[in-house]
Each structure stands twice: as structure tokens, then as C-alpha cells.
Amino acid sequence: MTRYLIYALGEILLVVIGILIALQVNNWNEDQKTQQKEKLYLSRLKEDAKWNIDILDSQIRFYQRNTMNLDSIGSLLSSGAPKNDHLKIPAIPSFISAWKLKNSTYTELVSSGTLGTLSDVKLREMLDEIASFETITIRTLNYWRDLSVADADLFRPYRIQETSIVNGDTIKTVSLNYEQMLGQHEVIAGIQFWSFANQKFAAGIEEYKAYYIRLL
């Protein structure tokens, strides 16, 4: 009887050990899958970040050029200097430009409820900050676009349309009449305002880009 009991207990112990080993192996397999999934997400997040940095760099240069151009136009108009043909005289000196950033990886993580796959808590918090910053940025740009529409009437009387032929194609462009704007203080103030706005856009986007740089 005692020998049978020992044998039975031994069998039970082997079964328990077998189950524990199976669970351990299963857990190890799941951990491996999670780690592989995390590596994939991290790789995709970095690719998204590189793409977004390139886009934002382009936007920063865009707004910096606009700032310099508008500053030059404002200075020349204020001094009554002749028109500089190298300067670009815009139809509306607001220069608000939209961009398309890649956020598909973060969106997938959130929508699928797998954001917790990323083991780095600070990284998850940073991704949430980027999403919040983007929402604020888009809202701010929409506000400035509304302002640019409101300012359109200020520059409308000075618009001129030019037609040119390029490779057989008719190209129509709209710009502002420099000579007519000379001495127009309200117009000069408007150009100076949009120069300041472009400077702020460049600084804000630079701050936004810094988040993506931290992801690399």
C-alpha cells in the first residue's frame, strides 16, 4: 500500500512538473513573440520619426525663407526703395502650409490596445505627448489660416495677375503690385505681421521636431 501511494504521488508529481514546464515554455514563447512584436513596432516608430523629421525640416526651411523674404519686402516698402526683382512678392503674405506626417504605427498601437507592448514607459508617454502636441499644432495652424483669410481683403486691391508661356503651356501667377504698396502703412504692417507669424511657425515646428528626434 505504501509503495503504491509513493508511486501514485510520484506520478502526480511528474504530471505537475510537466504542466509547470509546459507553462514555462508557453510563457517563454509568448515573451519571445511580445519582444519580436515590440522590436517591429520600435523599428516602425523610428522609420515614421525619420520621415516626419524630413517633412518638418522642409517646413522649417520654408517658413524661415518666408520670414527673410517678408522682412526684406517690408523694409524696402518702408524705405520707399525700388523693387528688388529677386524678391518674391506673394499674392497673400501668409504662407501657411500644411504637411502630412506619418502616425500610422502609433495609431495602430492605440486602436488595437497594444500600446502596452512597448516596455519603455517613458517612450509611451512621449508618444502620447507627440499626439497631443500635433493636435495643438493643427488647431493653431487652422487659427492662423482663418487669420490669413481675414487679411486677404487687405492685399486684394494690390493683386496683379500675370500670364506667361512655359514650354507651350500657359502659366498664370498672382502677385502683389510693389509700386502701389509703397507708403501704404497698413499693408506694410500686415507684411510685418506675417513675417513675425512665419518666424513663430518655424520655432514651433522646431520644437515639434525635437520630439521625433528623441525617438531615434
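# Reading a predicted helical chain with one hairpin

Me: How much of the protein chain is buried?
Reply: Buried residues account for 33% of the 216 residues in the protein chain. Buried means under 20% relative accessible area, exposed over 50%, and partly exposed in between, with a 1.4 Å probe and protein chains only. This is a predicted model: local features need pLDDT of at least 70, side-chain atom pairs count only at pLDDT 80 or more, and totals for chains, interfaces and linings use all residues. Residues are numbered from 1 along each chain as its sequence is written, and side-chain values use heavy atoms, with hydrogens and water left out.

Me: Which elements make up the protein chain, and in what order do they run?
Reply: Elements are DSSP runs, numbered from the N terminus: helices are H or I with at least four residues, strands are E with at least two. Here there are five helices and two strands. From the N terminus, the order is α-α-α-β-β-α-α.

Me: What does the accessible surface of the protein chain come to?
Reply: Accessible areas come from the Shrake-Rupley method with a 1.4 Å probe; for residues, only the protein chains shown count as cover. The total for the protein chain is about 14,000 Å². Carbon and sulfur atoms hold 57% of that.

Me: How do I read a nonpolar core, and which residues have the most contacts inside the largest one?
Reply: In soluble globular proteins, nonpolar side chains tend to be buried together. A nonpolar core is a set of buried Ala, Val, Leu, Ile, Met, Phe, Trp, Tyr and Cys residues joined through side-chain atoms within 4.5 Å. The largest one here has 43 residues. Leu 118, Leu 127, Tyr 208, Tyr 212 and Leu 215 have the most contacts inside it. At least two residues of this core come from each of H1 (2-79), H2 (104-111), H3 (121-155), H4 (178-181) and H5 (185-215). H5 gives the most, with 12 residues.

Me: What does Leu 118 touch?
Reply: Contact means heavy atoms within 4.5 Å. Not counting residues up to four places away in sequence, Leu 118 touches Glu 38, Tyr 41, Leu 42, Leu 45, Leu 109, Leu 123, Arg 124 and Leu 127. For the protein chain, take the contacts with a separation of 6 or more: 76% of them are between residues 24 or more positions apart.

Me: How do I check the span of H3?
Reply: The expected span of a helix is 1.5 Å times one less than its number of residues. H3 has 35 residues, so it should span 51 Å. Its end C-alpha atoms are 51 Å apart, which agrees.

Me: Which residue caps the N-terminal end of H3?
Reply: Asp 120 does. One of its side-chain oxygens lies 3.0 Å from the backbone nitrogen of Lys 122.

Me: Which residues of H3 are buried?
Reply: Among them are Leu 123, Met 126, Leu 127, Ile 130, Phe 133 and Leu 141. Glu 134, Thr 137 and Ser 148 are buried too. Trp 144 also lies in H3. It counts as buried because its relative accessibility is 14%. Trp 144 and Trp 194 are 50 residues apart in sequence, yet 9.9 Å apart in space, C-alpha to C-alpha.

Me: What joins the side chains of Asn 198 and Asn 66?
Reply: A polar contact is a pair of N or O atoms within 3.5 Å; within protein, one must be able to donate a hydrogen and the other to accept it, and residues adjacent in sequence count only if both atoms are side-chain atoms. Asn 198 and Asn 66 have such a contact at 3.3 Å. Asn 198 lies in H5. Its relative accessible area is 0%, so it is buried.

Me: Where is Tyr 106 found?
Reply: Tyr 106 is in H2. Its relative accessible area is 19%, so it counts as buried. Its side chain makes a polar contact of 2.6 Å with the side chain of Asp 128. Thr 105 is also in H2, and its side chain has a polar contact of 3.4 Å with that of Arg 44.

Me: In what sense do S1 and S2 pair?
Reply: Two strands pair if DSSP finds at least two bridges between them. S1 (residues 159-166) and S2 (residues 169-176) pair in the antiparallel sense over eight bridges. Thr 163 has Lys 172 as its bridge partner in S2. The two strands form a hairpin with two residues between them. In the turn, Asn 167 has a positive phi of about 55°.
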